[in-house]
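Please read them with the structure open.

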Amino acid sequence: MKQELKSELTKQLIISKAFDLFYENGFKNTSIDRIMKATDLSKGAFYHHYGSKKELGLEVISLKVQKRVVDGMISPLNRPGNSLELLESVFIDRLRAFPFYDKQNGCPMNNLINEIGNDESVYQTALRNIIEQWKSALIQLLERGKQAGEIKREVSSSAVAIYLISAFEGIRGIRKLYHEDSVLEDYLKGLSMYLEQIKV
C-alpha cells in the first residue's frame, strides 16, 4: 500500500510540474529532462509511469487543464439564479480574479490549442472535448434563461455559447500583450453590452 501511494504521489508530482512548465514555456519547449529536473526525480521514474511525452501531455490536459475549466467556468453555470447574471458573474468575475501570473501566461487550454491543436488528432480530441463540455453547459444555461423569460427566445444558444467561449479565450491571449488592464476593461464593457442585447 505504501508503494502504491508513493507511486501515485510521484505521478501527481510529474503531472503538476509538467503543467506548470507547459504553461510557462510551452509544450514543445518543455523536454522530459526539464520536467524531471523540476521534480528532482530520475528519468526512470518518468518512464515507469509514461511511455512518452505525448502520454503525459494527454494526462495534463485531462487532469489539470480540464479541471481548471470545469471548476472555474463550467460548474458555476449550474448554480441557481438569473441566467444572465450567472453568465456575467462567471465570465467577468473569473477574469477579474486571475492573478498576474495567469494574466501574464494566458489561458493554459488556449495556449495548448494554439501550439499543438493541429499536431495530433489525440490532442485535438482531448482539447475539443473540453470546449464541447463547456459549450454544452452554456447552452443548458441559455435554454434555462429562455424558459424563464430572461433571454430572447430567438437567440441561438449554440451560437451564443461558442461566441462567449471564443471571446473569453481571445481576451486571455490578447491580455498577454498588455501590461495594464485597459484592454481587459474594454472587453468587459463589450461583454456586458453583448449580454444586454440578448436580454428580454
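1. In this predicted model, domain 1 and domain 2 bury about 1,600 Å² between them. Carbon and sulfur atoms give 68% of that area. On the domain 1 side, the residues that lose the most area to domain 2 are Phe19, Tyr23 and Phe27. Together these three make up 46% of what that side buries.

2. As for the bounds, domain 1 covers 1-51 and domain 2 covers 54-198. The contact between them takes 19 residues from domain 1 and 22 residues from domain 2. Taken over C-alpha atoms, the centres of the two domains are 28 Å apart.

3. Which polar and charged pairs cross the interface? Eight residue pairs are in polar contact between domain 1 and domain 2, counting pairs with both residues at pLDDT 80 or more. The rule also finds two salt bridges across the interface. Elsewhere in the list of pairs, the side chains of Lys28 and Asp119 form a salt bridge, at 3.0 Å from N to O.

4. Which helices supply the side of domain 1 that touches domain 2? Helix H1 (2-25) and helix H3 (43-49) each supply at least two residues of that side. H1 gives the most, with 10 residues.

5. By residue class, the side of domain 1 that touches domain 2 has 10 nonpolar, five polar and four charged residues.

Technical notes: Residues numbered from 1 in each chain as written. Predicted model: local features only at pLDDT ≥ 70, side-chain atom pairs only at ≥ 80, totals over all residues. Heavy atoms only, no water. Domains from an automatic or database assignment. Contact = heavy atoms within 4.5 Å. Buried area = accessible area lost by both parts, 1.4 Å probe. Salt bridge = Lys/Arg side-chain N within 4 Å of Asp/Glu carboxyl O. Polar contact = N/O pair within 3.5 Å; in protein donor to acceptor, adjacent residues only side chain to side chain. Helix = DSSP H or I, 4+ residues; strand = E, 2+ residues; numbered from the N terminus. Nonpolar A, V, L, I, M, F, W, Y, C, P; charged D, E, K, R; others polar.
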